Amino acid sequence: MAAILTNDNIAPAVFRMVVVAPEVARSRRAGQFVIVRPGPGGERIPLTIADADPERGTITLIYQVVGKTTAVMSLMDPGAEIADVAGPLGQPTHVERFGRVACVGGGIGIAPLYPIAQAMKAAGNDVTAVLGARTRDLLILEPEMRAVVDRVVVVTDDGSYGAKGFVTDALRGLIDSGERPDLVVAIGPTIMMKMVSLLTKEAGVRTLVSLNTIMVDGTGMCGGCRVTVGGQVKFVCVDGPEFDGHQVDFDEMMKRLRTYRRQEAESYEAFRTRHRCRLMERNAEARG
Amino acid sequence: MSDDGNLTAKQRLKIPPVPMPEQPADVRRANIREVPLGYTPDQAVAEAERCLMCKKPVCIQGCPVEVDIPHFIRLVRERRFHEAALVVKQTNVLPAVCGRVCPQEDQCQQVCTVTKSHKDIHRSVKIGNLERFVADWDLEHHPDIEVPDVRKTGRRVAIVGSGPAGLTAAGDLARMGHDVTVFEALHRPGGVLVYGIPEFRLPKAIVDREVDNLRRLGVRIVCNVAIGKSRTLEDLFREGYEAVFVGTGAGLPIFKKIPGENLLGVYSANEYLTRANLMDAYNFPHASDTPIIRGHNVVTFGGGNVAMDAARTALRLGAETSTILYRRSEKEMPARLDEIAHAKEEGVVLRMLQDAIEILGDEDGWVTGVRCLRMALGEPDASGRRRPVPIEGSEFVIPADVVVVAIGNGPNPLVPKTSPEIRTNKWGNIVADPRTGKTSMRGVWAGGDIVLGAATVILAMGEGRKAARSIDEYLRTGVWEESPAAEAAPAPA
């Protein structure tokens, strides 16, 4: 059981939850994740660890409401308990002094990017964060990022904040500027990571992506998270979650992510019908 | 053989076996409740009458944990069921589990004198059924186990993994007075007993009761901790544990490495069964939030118990056809005879001497079928079974919308990966002394599938027991002698 200290709405349908998990807080490193099961009958879902406080024994999880499990989490009050938090799982990010590092985050992907940007900076890199969102309201962790990296470039799809465009536009600008990054770390929607990887492959810039696939156990036992990387089958939970973006078969991954789309919609819809008012009150209605 | 009671051996041999009552096939394929219903006391006594009480009970040697079979059967005959259960429990800590999942036809029942007299495995004394009966009877009538009054030693032992090997070692060590903590990576203890073996073969309530019994013995069970990730073995020693038993099992799914295995609707057996069992996807979207693809035509690759479990699970999830594709013949299938028979009765189609060479899909990535080849049996291979050889030009396609790959599991790599001091073999299994379970790392024992490769519940339990004895000796003497067996393989005869 992991007690919830706070569970705040930080953007439409996006929440920041701080839970007590001393062992995870003590041993986690940038890039790792936990498996969360909110309660009895609940699903096990992977969530990246956005931050941790080893002294207080807490970890911060940032999640977007996309289905029933995340909707259930959005309605949990401080003082309540998450039934199961297992981790840290996955391989930590390989952090060293690369030189110039561009951390490219889209939407909710900015959350797992934050500890990586922090670690890259601490290792002596010059770090630029490229943060993208559909619209201004959905941009998360901008001030936090500004506090840890050398410079932040913001783009929104609709131009409501920062430059209008996609993260790839800003990244191309960076590559062309002569301040060419030695490493790109890209985390966000699969299509964004694919487009970033295509761009950097052409430009010859090494790129790491962090994959968020479907998982059950998170310890290498089920293989549900398998992806093809450089023609080899890899398990995201134990071999990843980070891989060379130039080697990942993103098209296959995007298809696999749709496996339970119908079941998930059915399950979420049933929950939403019963809890619509509370979800609206909490600003937790999934979009699209 | 001795005459016993008022029947002669000849008369006993004439008694037909008492069949275990079962849910009818057409009923049970639509529910997840247990298939065999268990003996009544009268049925158990009648079956017990078939035992010849051999002077040299070969059945005991056929049992990996050497249950005193004639002794407990005699007590059943005398309706002293509690005493019978105590006899079984002397050497078997999980009898309700073993009575259900042991491959008795390869063990005690294979060597049973009654089997030999009839030259028919189906005529053996139904030792497994009787074991299950006494275990269930005792769980019902004596639910509170006796907690032995042992002196606490205060020595701390960590058990990594809560499957059959770990639970057995934990139980034995607690009875010896040690302070035992079991670490489980999943949210529920039991290992393969809860994620792998389906409810219709091993009800989860039975596993829960066994785990509760361990708690009563003072064993601490900590879930959601993957040793090898959040903590290493070295961390455990730093925290004050003096001995560690690694029973992390064979949890790494093996795929066939044929085209199409990443299509939507293709599962490893581990994932398919974990979703259905541990995560209760049978009850999605009501009591469970974990989905599973309910295929109309489900094809399972493999011939072991896991393949049978997957194929039968598919039926219970509403499949119209559930097919097993196995590249050898039925005779070579490693599954228990009972499981094969149950699967057939329920309508699982066994396609023997056929092998998948490609999984076919549509443009969205969903499975549509399996391309297969027919096989013939050639010369025996290293396993002693005749090697399947493809028949040229015999390709054909069968329709499928779910495919389950149940061709085996490799050892769980988490612990050896982070403790390189532990030696592994070329398959990644931990190398352990076959007599004691000691590994190449001081203070660390290993047993069960992580050492043996995918084997059986009872063998894993035997390994847990053996290691517990050795751990106890180490804690009492402090002597860790390098065992020669772990260093060198025995010289060829």
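## Report on chains A and B of a predicted model

The accessible surface of chain B comes to about 20,100 Å², and carbon and sulfur atoms account for 53% of that surface. Accessible areas come from the Shrake-Rupley method with a 1.4 Å probe, and for residues only the protein chains shown count as cover. The model is predicted: local features need pLDDT of at least 70, side-chain atom pairs count only at pLDDT 80 or more, and totals for chains, interfaces and linings use all residues. Residues are numbered from 1 along each chain as its sequence is written, chains are lettered from A and ligands numbered from 1 in the order in which they are written, and side-chain values use heavy atoms, with hydrogens and water left out.

**The two chains**

Helices (H or I, at least four residues) and strands (E, at least two) are DSSP runs, numbered from the N terminus. Buried means under 20% relative accessible area, exposed over 50%, and partly exposed in between (1.4 Å probe, protein chains only).

For the 493 residues of chain B, a compact globule would have a value near 23 Å, and chain B has 23 Å, which agrees. For the 288 residues of chain A, the rule gives a value near 19 Å, and chain A has 18 Å, which agrees.

**Helix H5 of chain A**

Helix H5 of chain A covers residues 167-176, and its buried residues include A:Val167, A:Ala170, A:Leu171 and A:Leu174, as well as A:Thr168 and A:Ile175. These residues lie on the same side of H5(A), because they cover an arc of only 160° around the axis; the arc is that of the directions from the helix axis to the C-beta atoms. The buried residues of H5(A) pack against several elements of chain A, among them strand E8 (100-106) and helix H6 (190-203). Just after H5(A), A:Gly178 takes a positive phi of about 95°.

**B:Gly190**

B:Gly190 is placed in the loop between strand E2 (179-183) and helix H12 (192-195) of chain B. B:Gly190 counts as buried because its relative accessibility is 0%. Contact means heavy atoms within 4.5 Å. Not counting residues up to four places away in sequence, B:Gly190 touches B:Ser162, B:Gly163, B:Pro164 and B:Val207. The C-alpha atoms of B:Gly190 and B:Gly163 are separated by 4.8 Å, although the two residues are 27 residues apart along the chain.

Conventions: Rg over C-alpha atoms; globule rule 2.2 N^0.38 Å.
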